[in-house]
Amino acid sequence: MKIFFIIFKSFFVLAILAFSLISIVLWNIQSKLPNSNISEYFPNEITKIYDTNNDLLYHVGNKDRFYLEYDQIPKEMVWAILSAEDKNFFQHQGFDIEGIIRSIYINIENILFNKSSNYVGASTITQQLVKNILLSNEQTLIRKLKELILSIRIEKEYSKEYILELYLNEIYFGRRSYGIATASSNYFNKSVYDLNIEEF
């Protein structure tokens with residue numbers, strides 16, 4: 001009985017210490033977070049200069065992008081992105097606990113059985129947006145915690161549609177293409193409205 005009491009007491013003290021440490025770390029992180037007001041953010045668009053025949057002469061800027069509002073984005077494009085990136089987007093509150101558990105399981109399995117050297121992430125669309133416009137790409141636990149906290153705040157303050165609108169105009173598709181409108185033009189030489197289902 002005495003041993004049980006000592007074990008319980010030790011566990012209780014360790015739990016209090018762990019809780020205190022986590023609370024201090026979270027308080028410190030929250031005090032240094034950037035403003036989560038994403039309504040002040042607007043992606044830079046490129047300036048394109050055409051001649052009198054409407055042929056492109058050159059463009060100014062380092063990010064090729066045209067901005068589309070949510071209602072202008074084809075619904076098939078929205079569904080395709082959600083299917084690939086975050087199928088539970090309209091159900092979660094900024095983070096996907098099911099996705100986190102799944103990625104932890106897969107990563108542990110990959111490490112233990114050398115199945116793959118690539119780590120599986122569990123970032124939601126909101127978390128990816130936060131990383132792109134408010135944080136950096138550094139791969140640290142602190143940055144992931146900041147990303148998580150800001151994602152929860154943003155999901156409380158903004159509609160899912162607005163978050164998707166920013167994401168679909170911000171995401172990098174390669175070849176200087178930022179956002180779906182520019183990616184459609186650069187990869188398929190056509191408007192996003194003219195893409196067929198296979199191209200989404």
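**Labels and their criteria**

Analyst: Asn 189 is exposed, at a relative accessible area of 70%. The model is predicted, so local features require pLDDT of at least 70 and side-chain atom pairs count only at pLDDT 80 or more, whereas totals for chains, interfaces and linings use all residues. Residues are numbered from 1 along each chain as its sequence is written, and side-chain values use heavy atoms, with hydrogens and water left out.

User: Why is Asn 189 called exposed?

Analyst: Buried means under 20% relative accessible area, exposed over 50%, and partly exposed in between (1.4 Å probe, protein chains only). Asn 189 has 70%, therefore the label is exposed. Asn 189 is placed in the segment after helix 7 (180-188); helices are DSSP runs of H or I with at least four residues, numbered from the N terminus.

User: Why is Ile 100 called partly exposed?

Analyst: Ile 100 has 27% relative accessibility and therefore counts as partly exposed. Ile 100 belongs to helix 3 (residues 97-113). Leaving aside residues up to four places away in sequence, Ile 100 touches Phe 95 and Ala 122, where contact means heavy atoms within 4.5 Å.

User: How do you know that Glu 165 has no salt bridge?

Analyst: A salt bridge is a side-chain nitrogen of Lys or Arg within 4 Å of a carboxyl oxygen of Asp or Glu. Lys and Arg count as positive and Asp and Glu as negative, while His and the chain ends are not counted. For Glu 165, which is buried, the nearest side chain of opposite charge is Lys 75, 9.7 Å away. Glu 165 lies in helix 6 (residues 160-170).

User: Which side chain of opposite charge is nearest to Asp 86, and what polar contact does the side chain of Asp 86 make?

Analyst: Asp 86 is likewise buried without a salt bridge, the nearest side chain of opposite charge being Lys 160 at 6.5 Å. The side chain of Asp 86 makes a polar contact with that of His 92 at 2.8 Å; the criterion is a pair of N or O atoms within 3.5 Å, where within protein one must be able to donate a hydrogen and the other to accept it, and residues adjacent in sequence count only if both atoms are side-chain atoms. Asp 86 sits in the loop between helix 2 (75-85) and helix 3.

How values were computed:
Helix = DSSP H or I, 4+ residues; strand = E, 2+ residues; numbered from the N terminus.
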